[in-house]
Amino acid sequence: MVEGSGNVVRGDHTIADNVSTADDDYAAHTRGCNTGSIGVSLACMAGAIESPFHAGKYPMTETQWHRAMDVIAHLAEFYKIPVTSKTILSHAEVQTNLGIKQAGKWDFTRLPFATNVIGAKACGDKMRADVKARL
């Protein structure tokens with residue numbers, strides 16, 4: 001988890017816990033897409049509204065975004081994960097990119113620090129471009 005300050009806090013589960021989710025001891029983060037997945041969470045946007053957009057009491061910060069991109073790039077390099085729209089994506093992209101029905105998760109389709117980036121694809125493309133730039 002990446003806090004607004006950019007501080008990284010490890011979760012209760014290891015990445016190995018998601019190799020298989022059959023034992024029910026894993027880090028749940030995306031409906032139907034946890035097995036073999038790594039979740040990087042940004043602690044922000046509590047009370048946020050997608051439309052009309054309101055970032056909530058704790059908007060995602062640019063510092064937080066940059067640190068999350070560092071973390072994702074490190075994980076992609078370490079685990080040899082290619083940076084594609086099917087391997088590195090946000091909750092908002094899972095249903096469209098992977099065809100796995102989600103329960104209305106829209107995070108993130110807006111970036112409070114980059115108001116010109118609008119929509120799941122635009123945000124995901126920015127994420128992947130920022131990760132690739134670090135590799």
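In what order do the elements of the protein run from the N terminus on? They run α-α-α. The protein holds 3 helices and 0 strands. Helices (H or I, at least four residues) and strands (E, at least two) are DSSP runs, numbered from the N terminus.

This is a predicted model, in which local features need pLDDT of at least 70, side-chain atom pairs count only at pLDDT 80 or more, and totals for chains, interfaces and linings use all residues. Residues are numbered from 1 along each chain as its sequence is written, and side-chain values use heavy atoms, with hydrogens and water left out.

Take the overall form next. The C-alpha atoms fill a box of roughly 40 × 30 × 25 Å along the principal axes. The radius of gyration of the protein is 14 Å, which agrees with the value near 14 Å for a compact globule of 135 residues. That radius is taken over C-alpha atoms, and the globule rule is 2.2 Å times the number of residues to the power 0.38.

Now look at what is covered. Of the 135 residues, 32% count as buried. Buried means under 20% relative accessible area, exposed over 50%, and partly exposed in between (1.4 Å probe, protein chains only). The protein exposes about 8,000 Å², and carbon and sulfur atoms supply 53% of that area. Accessible areas come from the Shrake-Rupley method with a 1.4 Å probe; for residues, only the protein chains shown count as cover.

Contacts show how the chain folds back on itself. Take those between residues at least 6 apart in sequence: 51% join residues at least 24 apart. A contact means heavy atoms within 4.5 Å.

Helix α1 covers residues 62-79 and has 18 residues. From its first C-alpha to its last, α1 reaches 26 Å, close to the 26 Å expected at 1.5 Å a residue. The expected span is 1.5 Å times one less than the number of residues. Its buried residues are Q64, W65, A68, M69, V71, I72, A73, L75 and A76. What covers them includes α3 (120-134). After α1 comes K80, with a positive phi near 55°.

Step back to the segment before α1, where E50 has its place. E50 and F108 are 58 residues apart in sequence, yet 8.6 Å apart in space, C-alpha to C-alpha. Leaving out residues up to four places away in sequence, E50 touches W106, T109 and R110.
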